[in-house]
Every structure is written in structure tokens, then in C-alpha cells.
Amino acid sequence: MEMLTLEAFEEAAEKVKEVTLPTPLQYSDYFSRMTGNKVYLKPENMQLTGAYKVRGAYYRISKLTEEEKKRGLITASAGNHAQGVAYAARECGARAIVVMPTSTPLIKVERTKNYGAEVVLYGDVYDEACAHALELAEENGYTFIHPFNDEIVATGQGSIMMEIIKDLPTVDYVLVPVGGGGLATGVSTLARLFNPHIKVIGVEPSGAACLTASLKEDKVVTLPHASTIADGTAVLTPGDKLFPYLKENLDEVITINDDELITAFLDMVENHKMVVENSGLLSVAALKHLDIKKKKVVCILSGGNMDVITMASVVQNGLIMRDRIFTVSVLLPDKPGSLVRVASVIAEHQGNVIKLEHNQFYSSNRNEAVELQVTIEAFGTDHKNQILDALNTEGFKPKLVRASL
């Protein structure tokens with residue numbers, strides 16, 4: 001059966017219902033007010049496996065012969081496709097081996113194992129893991145399931161767009177994260193088939209912008225390295241089978257830096273009470289880059305598999321970037337009451353002290369013998385500046401230092 005046709009997308013949309021949970025669009029009042037558009041979220045982070053990848057994996061495996069399944073399935077993945085293949089293989093009664101980069105968050109490794117797959121950790125990035133998986137497939141006769149560079153997999157991912165169209169037939173823009181290009185291929189191709197007026201914009205991390213580089217050269221290129229907190233889209237080379245579709249059907253590609261993903265995480269947690277992994281936040285972060293108003297925009301939240309250590313780091317850095325956490329150093333005379341005076345000024349201006357370090361051995365000068373480092377919680381930049389001004393007015397001469405919790 002020819003792939004990436006309307007008939008294939010319709011078949012895939014029905015097939016994946018066997019393993020997916022409904023993820024109806026959620027209207028975002030917060031992002032709508034922020035952008036002047038009507039913004040809707042497609043929460044694939046709420047899938048059983050924590051990401052959309054189970055769609056393409058299950059649809060691809062459903063197309064295999066019994067002989068291909070009996071040989072065992074192998075794939076490479078930074079995490080989400082791994083879980084998708086592991087879950088789909090279990091449902092189909094097939095053995096699954098997954099090669100993952102050594103940098104893969106432990107939560108993704110453990111969940112992949114919990115679905116019954118054998119996990120092999122190899123390489124620093126996805127591309128190295130993929131090369132090793134292909135070697136193992138050749139040596140052992142396994143059936144290789146590519147995470148993105150496969151038209152059948154991309155068709156399965158396109159089932160997301162089928163659901164978006166049913167929920168919001170009048171959608172104007174769809175923002176889709178890009179790693180290797182499977183999701184973007186499926187979504188943009190189906191959108192073009194259904195309604196050429198729908199704009200589909202790919203969004204990739206600036207530290208792994210392999211599609212942007214390839215479009216610039218008008219051919220598939222490989223990046224020398226990837227550096228991004230969006231580990232699920234840290235891909236060096238876009239799919240060569242998919243590149244023609246991406247070139248033809250994507251209206252634009254936007255790149256997002258890591259700082260934008262950090263603040264987008266805070267926005268999502270605080271305003272929608274949802275945990276979305278950094279790769280899944282690419283679409284949300286891209287909203288600020290759109291020069292449009294009064295349009296219906298859908299952001300695909302591609303996954304939510306984030307380990308708690310990464311989550312804690314992202315939250316801390318996000319609070320610091322938004323001036324909701326900051327640290328000041330002040331020098332005090334070594335005499336009773338000095339600390340109380342500083343604390344009183346902060347309290348009078350509604351600052352909340354969350355950490356305090358008191359160094360009595362800073363200097364032998366008793367007029368400036370004590371260094372006090374205070375980490376303060378504030379409402380934002382304006383509030384932070386009010387507290388700093390108040391400390392200056394009282395003669396404490398605060399100096400900003402790098403905040404840490």
C-alpha cells in the first residue's frame with residue numbers, strides 16, 4: 001500500500017486507536033491572551049507511554065509479517081520511540097531490543113524496560129545509537145524499526161493531524177516539534193492533503209537544527225554535534241526518505257534556544273498544571289515567534305517524559321531567568337542587629353528569604369567584617385528591583401551574585 005496518502009492516514013488513525021488514549025485539544029486561555037490568537041494544545045504528553053511515538057511504532061509493527069516479528073524487533077531511540085516500540089511489541093507478542101544513547105534520562109530507560117524491552121546503552125547521541133542498532137540487526141537478523149525515517153512510521157504519526165482536524169476543522173496554524181522529521185512529515189503531509197491553507201510550522205532546537213541546515217543546503221546534511229536540553233529532538237541528520245516531504249509541505253521552520261524552553265516549562269506547569277518535556281515544549285516556545293493575530297493555532301505537545309532531576313534544574317533556572325529567585329551579597333559591620341536590619345528591609349518589601357549564608361571571616365576590617373549572601377524569592381523583575389533599591393537606600397550596597405538553591 002502506498003504510504004502518505006489520505007487512505008493510509010485514515011487507516012492509521014483507526015489502527016492506532018487500539019493503543020492510544022484520547023488527547024482532545026485543550027484551549028489555552030493563557031497563551032491565547034499572550035499571543036492575540038486562539039491557541040489550542042494537543043497533549044500527547046498524556047499518552048500511556050508519555051509521548052506520541054507509540055502511534056508510528058504500533059502502525060509500523062502492524063504492517064510486519066509474522067516472520068518479521070518472530071525474528072525480533074530492534075530500534076534506536078533517545079527515549080520516546082523506545083517506549084513506543086517496547087509497548088507496541090508487547091501488545092503484538094514480539095521481542096524488542098532498544099539501543100539508547102548513554103545520556104538518555106533514567107526514567108525513559110526504566111520505563112522502556114518495564115514494557116518488556118531489552119535495553120542497550122550505546123553512544124553519546126541518537127545517531128551513534130542508531131548505527132549500533134543497525135549493526136546488531138545485521139548480525140542477528142532482527143527487524144529494524146526506524147524511529148522516524150520510514151514512510152509507514154510517519155503515516156502513523158500523522159494520525160495526530162487527523163484528530164486535530166476532527167477537533168478543530170478550521171485550524172489555521174499547527175506548530176510541530178522536529179527531530180528527525182517523522183512527526184512533522186506526517187502532520188504536514190496530511191494537512192496539505194486535507195486543506196492546503198493550513199500552515200504547518202516545524203520547530204527544532206537551535207542546538208540541533210539539522211532540518212534548518214538541510215533546507216539551507218537543499219539536501220540532507222549531518223550536523224557535527226548536537227547540544228540542547230531537548231534530548232528527544234537531539235538528532236544530527238533528518239530522515240533522507242522524509243526530506244522531500246518536509247521540504248514540500250512545511251511552510252516554515254523556527255529554531256528555539258534552550259532558555260526559551262526553560263521559561264516555556266514554567267508557563268506550562270504554572271498555567272496548565274502539565275509536565276511537558278523540553279522537546280515537547282518547542283511548539284509552545286515558538287508561539288512568541290509568530291507574527292500573526294486572531295488565528296487558530298494548535299501546539300503539539302509531543303511528550304512528557306522528563307526525569308525529576310532535569311525537572312528540578314529547569315524549574316530553578318526558569319525562576320532565576322524570570323527574576324523570581326535572585327541572590328545578593330551585602331557587607332555588614334560585625335555587630336549585633338546587622339542581620340536583623342537586612343531581613344527587615346527585605347520583609348518590608350514582601351521579599352521572601354529562602355536561603356542565607358553568613359560569613360564572619362570575610363575580612364579583618366570590623367566595619368565590613370561579615371559577608372551576607374541572601375537568596376530571595378520575588379514576584380518578578382519589578383519586585384526584584386524594588387528590593388534592591390530599598391537595600392541601597394538603607395546603605396547596604398547589595399551586589400547581585402549567581403543564584404543557587
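**Exercise 1. Contacts of one residue**

Leaving aside its neighbours within four places in sequence, with which residues is Glu68 in contact?

*Solution.* The structure is a predicted model, in which local features need pLDDT of at least 70 and side-chain atom pairs count only at pLDDT 80 or more, while totals for chains, interfaces and linings use all residues. Residues are numbered from 1 along each chain as its sequence is written, and side-chain values use heavy atoms, with hydrogens and water left out.

Step 1. Locate the residue: Glu68 lies in helix H4 (residues 66-70). Helices (H or I, at least four residues) and strands (E, at least two) are DSSP runs, numbered from the N terminus.

Step 2. Apply the criterion: contact means heavy atoms within 4.5 Å. Once neighbours within four places in sequence are set aside, Glu68 is in contact with Leu73 and Thr143.

Step 3. Classify the exposure. Buried means under 20% relative accessible area, exposed over 50%, and partly exposed in between (1.4 Å probe, protein chains only). Glu68 has a relative accessible area of 24%, so this residue is partly exposed.

**Exercise 2. The chain as a whole**

State how many helices and strands the protein chain has, and what share of its residues is buried.

*Solution.* Step 1. The protein chain contains 17 helices and 14 strands.

Step 1. Of its 405 residues, 55% are buried.

Step 2. Among contacts in the protein chain with a separation of 6 or more, 73% come from residues 24 or more positions apart.

Step 3. The C-alpha trace spans about 85 × 50 × 40 Å along its principal axes.

**Exercise 3. The faces of helix H17**

Determine which residues of H17 are buried, and why they line one face of the helix.

*Solution.* Step 1. Helix H17 (residues 381-393) has 13 residues and reaches 18 Å from its first C-alpha to its last, close to the expected 18 Å. The expected span is 1.5 Å times one less than the number of residues.

Step 1. The buried residues of H17 are His383, Lys384, Ile387, Leu388, Ala390 and Leu391. Seen down the axis of H17, these residues fall within an arc of 160°, so they line one face of the helix. The arc is that of the directions from the helix axis to the C-beta atoms. As a general rule, an α-helix has 3.6 residues a turn, so residues three or four places apart point the same way.

Step 2. On the other side of H17, Asp382 and Thr393 are exposed.

Step 3. The buried residues of H17 pack against strand S11 (325-332), helix H16 (338-348), strand S13 (370-377) and strand S14 (399-401). Just after H17, Gly395 has a positive phi of about 85°.

**Exercise 4. An open sheet and its helices**

Give the strand order of the open sheet of 4 strands, and describe what packs on this sheet.

*Solution.* Step 1. The order is S5-S4-S3-S6, with parallel pairing. Two strands pair if DSSP finds at least two bridges between them.

Step 1. Strand S5 (118-121) and strand S6 (143-144) are the edge strands, each pairing on one side only.

Step 2. Strand S4 (residues 96-100) runs parallel to S5 and is joined to S5 by 4 bridges. Val99 stands opposite Val120 in S5.

Step 3. Helix H7 (residues 126-140) packs on the sheet, touching strand S3 (73-76), S4, S5 and S6, and its direction makes about 160° with that of S3. Axes are lines fitted to C-alpha atoms, for helices over the stretch in contact, and angles run from 0 to 180 degrees between N-to-C directions.

Step 4. In helix H6, Lys108, Val109 and Thr112 are buried. Seen down the axis of H6, they fall within an arc of 100°, so they line one face of the helix. What covers these buried residues includes H5, S4 and S5.

**Exercise 5. An aromatic pair**

Classify the pair formed by the rings of Tyr27 and Tyr40.

*Solution.* Step 1. Rings of Phe, Tyr and Trp (its six-membered ring) pair if their centres lie within 6.5 Å; planes under 30 degrees apart count as stacked, over 60 as edge-to-face and the rest as tilted. A search of the whole structure finds 4 aromatic pairs.

Step 1. The ring centres of Tyr27 and Tyr40 are 5.3 Å apart and the planes stand at 65°, so the pair is edge-to-face.

Step 2. The pair links distant parts of the chain, with Tyr27 in strand S1 (residues 26-28) and Tyr40 in strand S2 (residues 38-43), 13 residues apart.
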